[in-house]
Amino acid sequence: MDDPILNSYLNEFSKLYGLTNLKEPEIFEYFSAYCIMHRDFSEHTELSEVVVAGGLDTGIDSAATFLNDIHVITPAQVAEIASRQRIEADFCFIQSKTSRSLSAAEIGSFLQGVKEFFGAKYMPANESIADKRDLSDAVFSVSVKFKSKPRLHLYYCYTGRFQGDKVVNARVQAGVAELHAYGLFADIQFTFVDADRLQERYQEVNLRIEREIQMNEFASLPQIPGIRQAYLGLLPCKELVKLLSNSDGKLHKALFNENVRDFLSSNSVNDEITATVASPTEQSKLAALNNGITIVARGVNLVGKKFTLSDYQIVNGCQTSNIIFHNQDKLQDDTAVPVKIIQAEDRDIVNDIVRATNRQTEVKDEAFVVLGEFHKKLERFFISIDERQDEKIVYERRKRQYADTTYTTQNIITLTSLTNAFVSCYMEDPVTANDYYGVLLKRFERTMYIEEHSMWPYLLSAKILRGIEKLFTGSAKNNLWKFRFIIAMMVRRSFGSPPALSNDGAHKKYAESALTHINNPEKFLQLVVDAERKLAAAVTKQGADFDARNAHQDRKFISALTSSG
């Protein structure tokens, strides 16, 4: 790649995600998926779940389905979400090319692949594409729960500079028109993401952003331990929109990663806020009627009445922010909303701010789980384990907690991944482990993250799953990615029956013995290979009519596999 800036981004990304063994075009596929999925959709999107490039990829490099901003990967997840609420569906497809020029023929192949995804099939497809087609069928099977028809998002990522081309534009317009003719989608967007846009997106996903706003009415708060500076004021809503907008002028969803609630859409409270903002006569009352917005930033610089915020998050006020952003065309110049702007020295104090400002009834108790004492102890326990840098796993309770350290994503486990790991390894339920982490927290609230539990089972689960994911990401084994929870369960079982979760002393011995194998690359690889062989043998035993492609979702098959030892 001859773009030195983009090349440096790619090098940083490949090191963070352990992809340095891949060829540049393959790294670029993951990089493109990261810049698109994590910025425009959900940071909980596993890249290995969405990258489908390879043989028989039908011209598609990455594909993902989102229901209410949740990345879904199984029909069971679709059914779970549909059973609880009405659905907004988004389908996302990406083509990634390291070339600097656009090819109408390659764009045509990409569009043809998307058309065959939803329509008549002509090209043979690989297993990943076939899985995602099945998932699409599951989504449309619950169309009665749609709020509106799904939205279709198509991205073409490349390393040149977008100039516009009549032939290319004509090819896109023709393909989009053919997709519109299917009658399946409320909206279809085709976006070219060139080198400059990729760089902007990468910075935004990592919250390396800076915005300047003007707030005429504010007061500084007295000195507070752990807080460098804090201000309380009335921020014009048009200035708030500047903070909320990404480089495309759309809502920057990553700003709400530390907010414990997703946007709740329509409810009585939000309907009242919407009515106030939408009314020319009532809008002026917003400052008095609204509880306000809390912004935490790594950097706050004040000159006169202008604030420059860097690396900031909206930790309270997600609902208000969404409503103001989506009604920005109705905003009057003097409409304002109460805000707190906080520059925290002690990142732990952010947890206290989140808890204190998000105790509304709409917030589910499980949303606060990561703020609890048990998770604080888990964080300290993980960091206290004396291991080499390449072996160590740290528990990230807060977004970008280890951004300024030498730890990479290979070393970091989040609440989502740790929950997946524990449900797989100790609850021995790898099918359910595929579910959205919020559902898992509720389902296992009496058997997981309990104060009496030893810390060792959680560390052991994290080490096993992270080790397997390192082996399966971007390698010859990437076709095994969807079976990783089953294999994690089998690897943990290879160490024998574990002690009671509350028996810390016994579990320390059990885990330390297991870690001698896990931290030895050759021994761990052999454990994984042995599990793969057992899995393959169990699939073969089922006979020719068995649906091997979906074995990871087959409870009867996994029950038999578990009972066989």
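**Helix pairs and a mixed sheet**

The crossing of α18 and α21 is right-handed; a crossing counts as right-handed if the near helix is turned clockwise from the far one by less than a right angle, and left-handed if anticlockwise. The model is predicted: local features need pLDDT of at least 70, side-chain atom pairs count only at pLDDT 80 or more, and totals for chains, interfaces and linings use all residues. Residues are numbered from 1 along each chain as its sequence is written, and side-chain values use heavy atoms, without hydrogens and water.

Start with that helix pair. Helix α18 covers residues 484–493 and helix α21 residues 555–563. Helices (H or I, at least four residues) and strands (E, at least two) are DSSP runs, numbered from the N terminus. The two helices pack at an angle of about 15°, with axes 11 Å apart. Axes are lines fitted to C-alpha atoms, for helices over the stretch in contact; angles run from 0 to 180 degrees between N-to-C directions. That angle makes α18 roughly parallel to α21, a label for angles under 35 degrees. In contact (heavy atoms within 4.5 Å) are I486, M489, M490 and R493 of α18 with I558, L561 and T562 of α21. By class, this contact has 5 nonpolar, 1 polar and 1 charged residues. Here Ala, Val, Leu, Ile, Met, Phe, Trp, Tyr, Cys and Pro count as nonpolar, Asp, Glu, Lys and Arg as charged, and the others, Gly among them, as polar.

Now take α5 (residues 104–118) and α7 (residues 166–180). They pack at about 10°, axes 9 Å apart, and are therefore roughly parallel to each other. From α5, the contact uses A104, I107, G108, L111, V114 and K115. From α7 come V167, V168, R171, V172, G175, E178 and L179. The class count is 8 nonpolar, 2 polar and 3 charged residues.

Where does the sheet run? Its 6 strands form an open sheet in the order β6-β10-β9-β11-β8-β7, with mixed pairing. Two strands pair if DSSP finds at least two bridges between them. The edge strands, β6 (210–214) and β7 (217–220), each pair on one side only. Neighbouring strands are turned by 40° against each other on average, direction ignored. Strand β10 (residues 306–316) runs antiparallel to β6, joined by 5 bridges. I213 has F307 of β10 as its bridge partner.

Two helices lie across this region. Helix α9 (residues 237–244) lies across β6, β8, β9, β10 and β11, at about 125° to β8. Helix α12 (residues 318–326) lies across β9, β10 and β11, at about 120° to β10.

Notes. Parallel < 35°, antiparallel > 145°, perpendicular 65-115°, else oblique.
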